[in-house]
Number of protein chains: 2
Amino acid sequence: MEEKIEFKLATIEDVDSIVKMLADDLLGSQRERYEQPLPESYLKAFQAITNDPNNELIVACIGAEIIGVQQITFTPYLTYQGGWRATIEGVRTSSSLRGKGVGTKLIQWAICRAKERGCHLVQLTTDKKREDALRFYEQLGFTASHEGMKLKL
Amino acid sequence: MEEKIEFKLATIEDVDSIVKMLADDLLGSQRERYEQPLPESYLKAFQAITNDPNNELIVACIGAEIIGVQQITFTPYLTYQGGWRATIEGVRTSSSLRGKGVGTKLIQWAICRAKERGCHLVQLTTDKKREDALRFYEQLGFTASHEGMKLKL
């Protein structure tokens, strides 16, 4: 019998598991620092996210185990007649469960949440080096209509 | 003598000029409604932006005239060791002044502001139909490393 996946707002106790997941990734391993104690910058960022009503850090769980994470940012814009957008970022699933549909369920959850919050658009950017990601998001209904441009400071 | 461009947070009195500029654009003309009185949805979005300390709607002015606009969103993330990002959106310049470097000055201003706010990255997406925009942003130092994916709700 398939175990039930639940979605909830992340708590401070979840940050360790989340960072472990972020670091256990081809690109993430080069830029994260998963060590004990966890660098304080992660905890400060968690507090900033939690204090912002327009940001939600969502974890997917099976029982007590965290198996996926994503952050959703809700932003009001003047464009599109003053429309709100949802931006999904930092999507990761537990490496032991990749290919089991957890990522799909995360994104579908985010799309529902974006509708609840009255957004007219859901958006995300995906690194062109993540070869499978483009097809994954296209299957979920996204269109690669834009260039995602980044400038490191 | 070149007139001085100044940058400031938009006020409610600026919304009319901003929406006029958003509508005076190849893609914007299909999705905005510039009419009198201005649809209330624009004013509600303006209030939501203004009430959010992580969103700044910036106008470029020469004297009392508004000649450009952009919105900057500052977002805390767990990724990159708890780094903040700045996202630029809704960049438009007055059609009478296009090609005069106003866009460049807007983006350069946003990059400085992102540094002030402690961001490690500035990001934006640009519609692949805006043929000149990719080169414009590349000249300002951005890399088209990501696909910008959108899903309309």
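## Exercises on a two-chain model

The side chains of T87(A) and Q123(A) are in polar contact at 3.0 Å. Keep in mind that this is a predicted model. Let's start with that threonine and then work out to the interface.

**Exercise 1. Work out where T87(A) sits, and whether T87(A) is buried or exposed.**

Step 1: find the element. T87(A) belongs to strand β4 of chain A, residues 84–93.

Step 2: check the accessibility. The relative accessible area of T87(A) is 15%, and the cut-off for buried is under 20%, so T87(A) counts as buried.

Step 3: look at who surrounds the residue. Setting aside neighbours within four places in sequence, T87(A) touches Q71(A), I72(A), T73(A) and Q123(A). Q123(A) is also the partner in the side-chain polar contact.

**Exercise 2. Describe the interface of chain A and chain B: how many residues are in contact, and what area is buried?**

Step 1: count residues. On chain A, 60 residues are in contact with 60 residues of chain B.

Step 2: get the area. About 5,800 Å² is buried between the two chains, and carbon and sulfur atoms give 61% of that. In chain A, the residues that lose the most area to chain B are L78(A), Q81(A) and M149(A), which together make up 16% of what that side buries.

Step 3: tally the polar side of things. There are 36 residue pairs in polar contact between chain A and chain B, counting pairs with both residues at pLDDT 80 or more. The rule also finds 2 salt bridges across the interface. E89(A) and R85(B) form a salt bridge through their side chains, with N to O at 3.5 Å.

Step 4: sort the chain A side. Strand β6 of chain A (residues 143–152) gives the most to the side touching chain B, namely 10 residues. By residue type, that side of chain A splits into 27 nonpolar, 19 polar and 14 charged.

**Exercise 3. Trace the strand pairing around β6(A) and β5(B): which way do these two strands run, and how many bridges join them?**

Step 1: pair β6 with β6. β6(A) and β6(B), the latter spanning residues 143–152, are antiparallel and share 5 bridges. Within this pairing, H146(A) is opposite G148(B).

Step 2: pair β6(A) with β5(B). These strands are antiparallel too, joined by 7 bridges. Here L151(A) has V122(B) as its bridge partner.

Step 3: Strand β4 of chain B (residues 84–93) pairs with β5(B) in the parallel sense, over 4 bridges. V122(B) turns up again, this time opposite A86(B).

Step 4: ask how enclosed β5(B) is. Of the 9 residues in this strand (119–127), 7 are buried, so β5(B) is largely enclosed by the rest of the structure.

Notes. Residues are numbered from 1 along each chain as its sequence is written. Chains are lettered from A and ligands numbered from 1 in the order in which they are written. This is a predicted model: local features need pLDDT of at least 70, side-chain atom pairs count only at pLDDT 80 or more; totals for chains, interfaces and linings use all residues. Side-chain values use heavy atoms; hydrogens and water are left out. Contact means heavy atoms within 4.5 Å. Buried area is the accessible area (1.4 Å probe) that two parts lose on being put together, summed over both. A salt bridge is a side-chain nitrogen of Lys or Arg within 4 Å of a carboxyl oxygen of Asp or Glu. A polar contact is a pair of N or O atoms within 3.5 Å; within protein, one must be able to donate a hydrogen and the other to accept it, and residues adjacent in sequence count only if both atoms are side-chain atoms. Ala, Val, Leu, Ile, Met, Phe, Trp, Tyr, Cys and Pro count as nonpolar, Asp, Glu, Lys and Arg as charged, and the others, Gly among them, as polar. Two strands pair if DSSP finds at least two bridges between them. Buried means under 20% relative accessible area, exposed over 50%, partly exposed in between (1.4 Å probe, protein chains only).
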